[in-house]
Amino acid sequence: MKFKKKRLVGISLYSLGIVSLIALSCIAETVCDKYDATFKAALGDLGKAHTEVKYDGVDPNYYTNELKDKNEIEKFQKTSSYNIVKEGITLLEKGNIPYAKDTKISLFSKSSVNFIFGGTGSGVASSDLNLKDVFNTNGFKVNEKLWNFYSKGDGQKFKRGIGSINYGDTDDYSINEVPL
C-alpha cells in the first residue's frame, strides 16, 4: 500500500510539472509574439537576413516633426482634430461646399490615379471608382492635364514600392514619387 501511495504521489507531481511547463510555454509564446519587435531590437534580428531589401531612394525620415514629447503630441492631436471637425461642420451647416462649382482641383502624386482603398491580404479593398470620378460627381473639375500626366503620361512610370511580401522575403518601401 505504501508503494502505491508513493507511486501515486510521484505520478501526481510529474503530471503537475508537465501541466506547469505547458502553461509556462503558452505564456512565453504569447509574450514573445507580442513583444517580438522589442526582443529583435534588444537581441538583434536572429532570423533571416534581409538581403533583398531595396533601400535605394528611401528616406526613413520622409515625414518629420518638431514635437518633442508625448504631451506636445497629444496637444497637437487635440487641437488638429478640433480644427478639422470645426471646419467640416461649418461646411456641412451651409448645406454644400460653396466653392465646389466650377473649381478645378489638381490631384498630385501617382497615388492620386492609383488610389489605395484598403490594406493587403484580408484587408484588401478595391473599387471601380477613382478620385477623379468622385470629385467630378460632386461638382468639382479635375485638372485633366495633370491627371493624364499621372495616368497615361510620363508620371505613370513612378510607382510606390510593394511593401513587405511573404513576411520579409521581399521588402520594398520606396516612395518613388515624381520629382518636383
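Modeller: Let us start with a term: two rings of Phe, Tyr or Trp, the last represented by its six-membered ring, count as a pair if their centres lie within 6.5 Å, and planes over 60 degrees apart make the pair edge-to-face. Please keep in mind throughout that the model is predicted.

Biologist: How many aromatic pairs does the structure hold, and what is the angle between the planes?

Modeller: A pair of aromatic rings is described by the distance of the centres and the angle of the planes. The structure holds one such pair, formed by Phe149 and Tyr150, whose centres are 5.1 Å apart and whose planes stand at 75° to each other, so that the arrangement is edge-to-face.

Biologist: Is Tyr150 buried or exposed, and what is the relative accessible area of Phe149?

Modeller: Tyr150 is buried, because its relative accessibility of 6% falls under the 20% limit. Phe149 has a relative accessible area of 31% and is therefore partly exposed.

Biologist: Which residues make up the largest nonpolar core?

Modeller: In soluble globular proteins, nonpolar side chains tend to be buried together. Here the largest nonpolar core has 10 residues, among them Tyr150, Trp147 and Leu146, together with Ile105, Leu107 and Leu131. Helix α6 gives the most to this core, with three residues. Leu131, one of the core residues, is in contact with Leu107, Ser112, Phe115 and Trp147, if neighbours within four places in sequence are left aside.

Biologist: How many salt bridges does the structure hold, and which side chains meet in them?

Modeller: There are two salt bridges. In one of them, the side chains of Lys132 and Glu144 meet at 3.0 Å, N to O. This pair links distant parts of the chain, with Lys132 in helix α5 (residues 131-137) and Glu144 in helix α6 (residues 144-151), 12 residues apart. Lys132 is buried at a relative accessible area of 15%, whereas Glu144, at 37%, is partly exposed. The side chains of Glu74 and Lys70 also meet in a salt bridge, at 4.0 Å, N to O.

Biologist: How many residues apart are Glu74 and Lys70, and is Lys70 buried or exposed?

Modeller: Both residues lie in helix α3 (residues 70-93), four residues apart, or about one turn of the helix. Lys70 counts as exposed, because its relative accessibility is 59%, while Glu74 is partly exposed at 34%.

Biologist: How do the elements run along the whole chain, and what percentage of its residues count as buried?

Modeller: The chain has six helices and four strands, which run α-α-α-β-α-α-β-α-β-β from the N terminus on. Of its 180 residues, 14% count as buried. The accessible surface comes to about 15,300 Å², of which carbon and sulfur atoms account for 60%. Among contacts between residues at least 6 apart in sequence, 56% join residues at least 24 apart.

How values were computed. Residues are numbered from 1 along each chain as its sequence is written. This is a predicted model: local features need pLDDT of at least 70, side-chain atom pairs count only at pLDDT 80 or more; totals for chains, interfaces and linings use all residues. Side-chain values use heavy atoms; hydrogens and water are left out. Helices (H or I, at least four residues) and strands (E, at least two) are DSSP runs, numbered from the N terminus. Buried means under 20% relative accessible area, exposed over 50%, partly exposed in between (1.4 Å probe, protein chains only). Contact means heavy atoms within 4.5 Å. Accessible areas come from the Shrake-Rupley method with a 1.4 Å probe; for residues, only the protein chains shown count as cover. A nonpolar core is a set of buried Ala, Val, Leu, Ile, Met, Phe, Trp, Tyr and Cys residues joined through side-chain atoms within 4.5 Å. Rings of Phe, Tyr and Trp (its six-membered ring) pair if their centres lie within 6.5 Å; planes under 30 degrees apart count as stacked, over 60 as edge-to-face and the rest as tilted.
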